[in-house]
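Please examine the sequence and the structure shown below.

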Amino acid sequence: MARFISVCRASISNNSTLNSQTAVITGSTNSSGVPASTYGVILSILASNKNANSQNVTVNLVKGGTTTTSLITSGIVPSQASLEFMTGNKIIVEPGDWIKAYAGTATAVDITVSYMLNSQDASI
């Protein structure tokens, strides 16, 4: 049976160094990651700008802790508005994968990632 999760990270970092970016989905934890023997389907990534100025937001997928792929690079979130980056698209995440994000200004943007967890079928 699928389990739906929504992870919110308030006031994300403005540091582009991978280790200093704000972790949204954090590896293989049950509360905000993808546990062993499951996979996740990212349904939505929403960035909310709390600042009076527009903000650039970058969201990265780190596969297995080694390969980093940009999901959105310098996406512009208008002043005091929100922007959904994943409209209609889906991304599969596995145990050990991370979603990390940063903005142009520290503490100006909140990120919410909603995803669905499913058990992996080893018989396929």
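**A walk through the predicted model**

Asn60 stands opposite Lys100 in strand 8. The strands concerned are strand 4 and strand 8, which pair in the antiparallel sense over six bridges. Lys100 also has an aromatic neighbour: it lies over the face of Trp98, at 5.2 Å from the ring centre.

Strands of a sheet pair through backbone hydrogen bonds, in either a parallel or an antiparallel manner. In this model, four strands form an open sheet in the order 2-8-4-5, and their pairing is antiparallel. At the edges are strand 2 (22-26) and strand 5 (67-77), each of which pairs on one side only. From one strand to the next, the twist averages 20°.

The other pairings of this sheet can be followed in turn. Strand 2 is joined to strand 8 by four bridges, and the two run antiparallel. Within strand 8, Ala101 is the bridge partner of Thr22. Strand 8 is mostly covered, with five of its six residues buried. Strand 4 (residues 55-63) pairs with strand 5 over eight bridges, again in the antiparallel sense. Val62 stands opposite Thr68 in strand 5.

The next subject is the interior. In soluble globular proteins, nonpolar side chains tend to be buried together. The largest nonpolar core of this model has 26 residues, and those with the most contacts inside it are Ile42, Val57, Ile111 and Val113. Among the elements that give two or more residues to this core are strand 1 (3-9), strand 3 (38-49), strand 7 (91-93) and strand 9 (109-119), together with strand 2, strand 4 and strand 8. Strand 9 supplies the largest share, five residues.

Which residues does Val57 touch, not counting residues up to four places away in sequence? Its contacts include Ala47, Ile72, Val77, Phe85, Tyr102, Ala103, Val109 and Ile111. Thr73, Ser74 and Gly75 are also touched by Val57.

Attention now turns to the loops. Ile12 lies in the loop between strand 1 and strand 2. Is Ile12 buried or exposed? With a relative accessible area of 0%, Ile12 is buried, because buried residues are those under 20%. Ile12 and Val109 are 97 residues apart in sequence, yet their C-alpha atoms are 5.9 Å apart in space. Beyond the residues up to four places away in sequence, Ile12 touches Thr22, Ala101, Tyr102, Ala103, Thr105, Ala106, Thr107, Val109 and Ile111.

Ser11 has its place in the loop between strand 1 and strand 2. Its phi is near 55°, a positive value in a residue other than glycine. Ser11 is partly exposed, with a relative accessible area of 32%. A positive phi, near 45°, is also found at Gln80, a residue other than glycine. Gln80 lies in the loop between strand 5 and strand 6 (82-84). Gln80 has a relative accessible area of 58% and is therefore exposed, as the cut-off for this class is over 50%.

Conventions: Residues are numbered from 1 along each chain as its sequence is written. This is a predicted model: local features need pLDDT of at least 70, side-chain atom pairs count only at pLDDT 80 or more; totals for chains, interfaces and linings use all residues. Side-chain values use heavy atoms; hydrogens and water are left out. Two strands pair if DSSP finds at least two bridges between them. Axes are lines fitted to C-alpha atoms, for helices over the stretch in contact, and angles run from 0 to 180 degrees between N-to-C directions. A nonpolar core is a set of buried Ala, Val, Leu, Ile, Met, Phe, Trp, Tyr and Cys residues joined through side-chain atoms within 4.5 Å. Buried means under 20% relative accessible area, exposed over 50%, partly exposed in between (1.4 Å probe, protein chains only). Contact means heavy atoms within 4.5 Å. A charge sits over a ring if NZ of Lys or CZ of Arg is within 6 Å of the ring centre and within 35 degrees of the ring normal.
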